[in-house]
Amino acid sequence: MIYPGATLGVLGGGQLGRMFTMAAHSMGYRVCVLDPDKESPAGTIAEHHLQSNYTDESALLEMTRICSAVTTEFENVPASTLEFLEKSIPVRPSAKAVSIARDRILEKTFIRENGLPTAEFIPVYTEADCISACNDIPLPALLKTTQLGYDGKGQRTVNNINDAVDGFKINGGVPCVLEQKIQLNKEISVILARNEKGEIAAYPIGENKHENGILSTTVVPAHIDQKTEKQAISMATCLAEALHYCGVLAVEFFIATDGNLLINEIAPRPHNSGHYTLDACVTDQFEQQVRMLCNLPPASTQLLSPAVMLNLLGDIWPNKGEPQWIAIYQNKRAKLHLYGKNDARQGRKMGHINLLARDTATALSEAERLQSELGIKN
């Protein structure tokens with residue numbers, strides 16, 4: 001176990017790294033952030049900011065000298081970086097787990113090999129593969145890049161073979177998957193924490209709504225039956241065990257219109273859909289991340305209040321102006337979290353609001369009011 005006073009490392013200085021740093025500070029730890037951006041949200045508040053690329057060996061050596069253990073805030077860190085660090089200090093989650101999660105072909109294959117369901121998919125490496133895959137996957141389908149695809153990036157709808165070939169070219173000819181397009185009832189996610197001892201704590205399930213591929217709202221508790229809830233947590237737990245996972249893991253699910261529960265993708269880190277935990281649970285996902293990195297017991301995930309998490313994108317920042325903050329502060333049960341980013345751009349995650357209420361219907365009503373007043377399209 002690693003106790004307060006130690007320095008913890010995090011690869012990546014975005015908002016997830018920032019919230020990890022804040023949790024670590026409140027628990028008595030110091031933090032070292034590796035991120036090339038001199039104004040990274042996490043780097044600006046950490047004790048140490050190594051402003052270098054993730055493959056800079058001298059910076060990685062410095063991290064092994066300073067830190068007792070290292071985690072990551074995003075899955076697109078080069079596998080070689082994690083493997084290098086693992087030779088000297090604990091890296092949680094492991095390089096192996098992150099390498100599986102960052103590649104859709106490896107990820108979906110691993111899920112299937114462990115007896116868990118996904119949408120039908122076929123790997124695509126060439127234009128010829130596009131044509132062949134369209135004959136085996138019912139259309140319309142989705143063409144997704146295997147790596148660096150998040151918030152809707154690298155994804156294209158395929159209605160025919162020409163769409164597939166054109167999409168493959170537009171994606172730069174990188175490896176992709178052609179995936180069956182599911183008739184959706186809803187999307188949900190499970191956030192859980194697992195330490196090296198195999199102790200697991202799962203959070204209440206969130207129900208997610210996306211706009212243009214970016215998470216818009218998460219409602220907790222999700223509007224699902226008890227059977228689906230137990231099945232989703234069981235499937236996420238099975239996956240964490242199969243990965244020998246240590247850290248916070250997010251597992252996103254599709255619930256199809258026929259009632260089938262399918263794993264969409266996994267994220268080896270805290271997740272946007274778990275931000276509600278900052279205000280609505282006994283322990284938030286970032287404290288849990290610190291605990292797992294330090295191999296401490298997972299803390300309580302009890303839900304204290306129904307909640308709706310509302311994402312705030314740069315779209316609502318008018319030119320040289322600010323959003324209508326008063327609309328938020330007039331709600332005495334709205335909790336605003338901003339990420340310390342200076343440049344508000346369209347589609348960029350700038351912060352979120354957690355709306356707490358006696359029930360989800362009330363929280364959703366207030367979220368809709370705020371979306372209207374802040375100019376958020378839904």
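Tutor: Let's start with a definition: a polar contact is a pair of N or O atoms within 3.5 Å; within protein, one must be able to donate a hydrogen and the other to accept it, and residues adjacent in sequence count only if both atoms are side-chain atoms. In this predicted model, local features need pLDDT of at least 70 and side-chain atom pairs count only at pLDDT 80 or more, while totals for chains, interfaces and linings use all residues. Residues are numbered from 1 along each chain as its sequence is written, and side-chain values use heavy atoms, with hydrogens and water left out.

Student: Which residue caps the N-terminal end of α10?

Tutor: Helices (H or I, at least four residues) and strands (E, at least two) are DSSP runs, numbered from the N terminus. For α10 the cap is aspartate 284, with a side-chain oxygen 2.7 Å from the backbone nitrogen of phenylalanine 286. Just past α10, asparagine 295 has a positive phi of about 60°.

Student: How many residues of α10 are buried?

Tutor: Buried means under 20% relative accessible area, exposed over 50%, partly exposed in between (1.4 Å probe, protein chains only). In α10, residues 285-293, that goes for 7 of the 9 residues, so the helix is mostly covered. Among the buried ones are Phe286, Val290, Met292 and Leu293, but also Gln285, Gln288 and Gln289.

Student: On to the sheet. What is the order of its strands?

Tutor: Two strands pair if DSSP finds at least two bridges between them. Here you get an open sheet of 4 strands, ordered β5-β8-β6-β7, with antiparallel pairing. At the edges sit β5 (121-124) and β7 (155-158), each pairing on one side only. Neighbouring strands are turned by 25° against each other on average, direction ignored; axes are lines fitted to C-alpha atoms, for helices over the stretch in contact, and angles run from 0 to 180 degrees between N-to-C directions.

Student: How many bridges join β8 to β6, and how many to β5?

Tutor: Strands of a sheet pair through backbone hydrogen bonds, either parallel or antiparallel. Between β6 (residues 141-145) and β8 (residues 176-180) there are 5 bridges, with leucine 143 opposite leucine 178 and lysine 144 partnered by valine 177. β5 is joined to β8 by 4 bridges, and phenylalanine 121 has glutamate 179 as its partner there.

Student: Why is β8 largely enclosed by the rest of the structure?

Tutor: Because 4 of the 5 residues of β8 are buried.

Student: Which strands does helix α5 lie across?

Tutor: Contact means heavy atoms within 4.5 Å. Helix α5 (residues 104-113) lies across β5, β6, β7 and β8, at about 45° to β8. Helix α6 (residues 127-136) also packs on the sheet, touching β5, β7 and β8, and its direction makes about 170° with that of β5.

Student: Where are α6 and α7 in contact?

Tutor: Their axes come within 9 Å and cross at roughly 145°, with α7 covering residues 161-170. On the α6 side the contact is made by Glu127, Cys130, Ile131, Cys134 and Asn135, and on the α7 side by Ile161, Ala164, Val165, Phe168 and Lys169.

Student: And cysteine 67: buried or exposed?

Tutor: Cysteine 67 is at 5% relative accessibility, so it counts as buried. You'll find cysteine 67 in the loop between α2 (57-66) and β4 (69-72).
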